[in-house]
Amino acid sequence: MKVIVDQEKCCGAGTCVLLAPDVFDQRDEDGIVVLLDEAPPAELADVVREAASVCPGVAITVNE
Amino acid sequence: MSAPDGVLVVGASAAGLAAVEALRRKEYRGPITVLGAERHLPYDRPPLSKQVLAGTWPPDRARLRPPEVLSTLDAEFVLGDAAVGLDVPARTVRTASGREFTAEAVVVATGSRARTLPGQDGLAGVHVLRTLDDALALREDLLAGSRVVVVGDGVLGTEIAATARMMGLAVTIAGPQRAPLAYQFGALPAQLLAGLHTSNGVELRLGAGVTGLSSHEGRVTGVCLETGEVLPADVVVVAFGAAPAADWLAGSGVPRDNGIVCDSRCRAAEGIYAAGDVARWHHETLDVLLRLENRTNATEQGIAVAGAILGEDRPYTPVPYFWTDQFDVKIQVHGVLGADADVTVVDGDPAEHRFVATYRRDGVVTGVLGWNMAKQARLLRQEIGKSVLVGGKS
């Protein structure tokens, strides 16, 4: 699994961080998404897919 | 409960797509059909009032998923054909073109439609903004126009006003509140929002009801206020709220009252579920019937409905969330605010245009607002529902 984030689309909700704090964080200054792990381990795959689906800015893409 | 033989999702936007994706993530293998009233592949609505209207994004950039990702869902998308009726016992949906679709589970995710002013239909220069086609038509008129009046002092109206102003138009916002979003935000953030708009050159004409439109030879010329004043305009945007798109269920027996009335599992009748703007469901934690018109709810409720269809027995009890971007300000709202809440700035400083405020009722935090402090606001989301003994700046 490879994760891609589009910082221009990020709205700063932080939904991804609530779901997968080992994979996503937010910048302190503006809340924009920071990708901590672009190739998360298999045990996080489901929750990362959910983060991509639930992202209100449609800023997360998962390539399987 | 076993998985249904088939799922029919009525509505091809955020809520409907989220339901489909969640069904597949939860390993549902049965047939899924998605009916969409619009001809477009599923797209995202928040960018319509910002990037799409401004022209900084081509419409394709607002797609919810690229076509190749949609195709991996193994769902049939039937687009450009609106649902016009539902037979509840048979779970059959009839469309405008006369086709019929039947499935064991039906998800109603038809969203909402913009409220309009009497006499606006057919009048050139008057717009609503709900769909991609609406946004493109409005953009065309803004590019040719010079003076726009936005009727509506809520989130959508203020976003459109900000975008139009940044496109160089003279912009006026008309609405009944003392300051934009005053009912939702309370005095402090609403006054800051008013200041943000006026400092960017937007004229606020608030506190007076709009009674109608003036026109000449089929084209709008202005917005009439209850004071008798007419605000001149060559373009008018009507953005004062939305109504659930549930009229097509009239006579079906599906309970409707400001939306499709659902139980705490987002179920309106046996095998019939609702998600997104159109759904008014029983929020067990808040113990109210709630209908939310925000982007996050569309997705989260779509996912909840997918779970309910597959037999998960969990109430849907989200913490509401929305955001708005206007000029250089990003506002985040978690939970429920309200003009009557006790508001405390807990981080940052409003004078520096960067702060977080908590909203309390009876000592319990009901909501958090972040003004250019998205991360810090999100970190306080967990306080919602908790009692706070000591207020004030920490």
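**Close-up 1. The salt bridge between Lys375(B) and Asp28(A) in the predicted model**. The closest N and O atoms of Lys375(B) and Asp28(A) are 2.9 Å apart. Lys375(B) belongs to helix H9 (residues 374-379) of chain B, while Asp28(A) sits in the loop of chain A between strand E2 (24-26) and strand E3 (33-35), so this pair joins two chains. Lys375(B), with a relative accessible area of 11%, is buried, whereas Asp28(A) is partly exposed at 47% relative accessibility.

**Close-up 2. The salt bridge between Arg27(A) and Glu29(A)**. Here the side chains of Arg27(A) and Glu29(A) meet with an N to O distance of 3.8 Å. Arg27(A) counts as partly exposed, its relative accessibility being 27%.

**Close-up 3. The salt bridge between Asp133(B) and Arg39(B)**. The two side chains, that of Asp133(B) and that of Arg39(B), meet at 3.2 Å, N to O. Because Asp133(B) lies in helix H4 (residues 132-144) of chain B and Arg39(B) in the loop between strand E2 (32-36) and helix H2 (51-54) of chain B, the pair ties together parts that are 94 residues apart in sequence. Asp133(B) has a relative accessible area of 34% and is partly exposed, while Arg39(B), with a relative accessible area of 60%, is exposed.

**Close-up 4. A network of salt bridges made up of Asp6(A), Glu8(A) and Arg61(B)**. Asp6(A), Glu8(A) and Arg61(B) are joined into one network by salt bridges that share partners. Over all chains, a search of the whole structure finds 30 salt bridges.

Terms used
Residues are numbered from 1 along each chain as its sequence is written. Chains are lettered from A and ligands numbered from 1 in the order in which they are written. This is a predicted model: local features need pLDDT of at least 70, side-chain atom pairs count only at pLDDT 80 or more; totals for chains, interfaces and linings use all residues. Side-chain values use heavy atoms; hydrogens and water are left out. A salt bridge is a side-chain nitrogen of Lys or Arg within 4 Å of a carboxyl oxygen of Asp or Glu. Buried means under 20% relative accessible area, exposed over 50%, partly exposed in between (1.4 Å probe, protein chains only). Helices (H or I, at least four residues) and strands (E, at least two) are DSSP runs, numbered from the N terminus.
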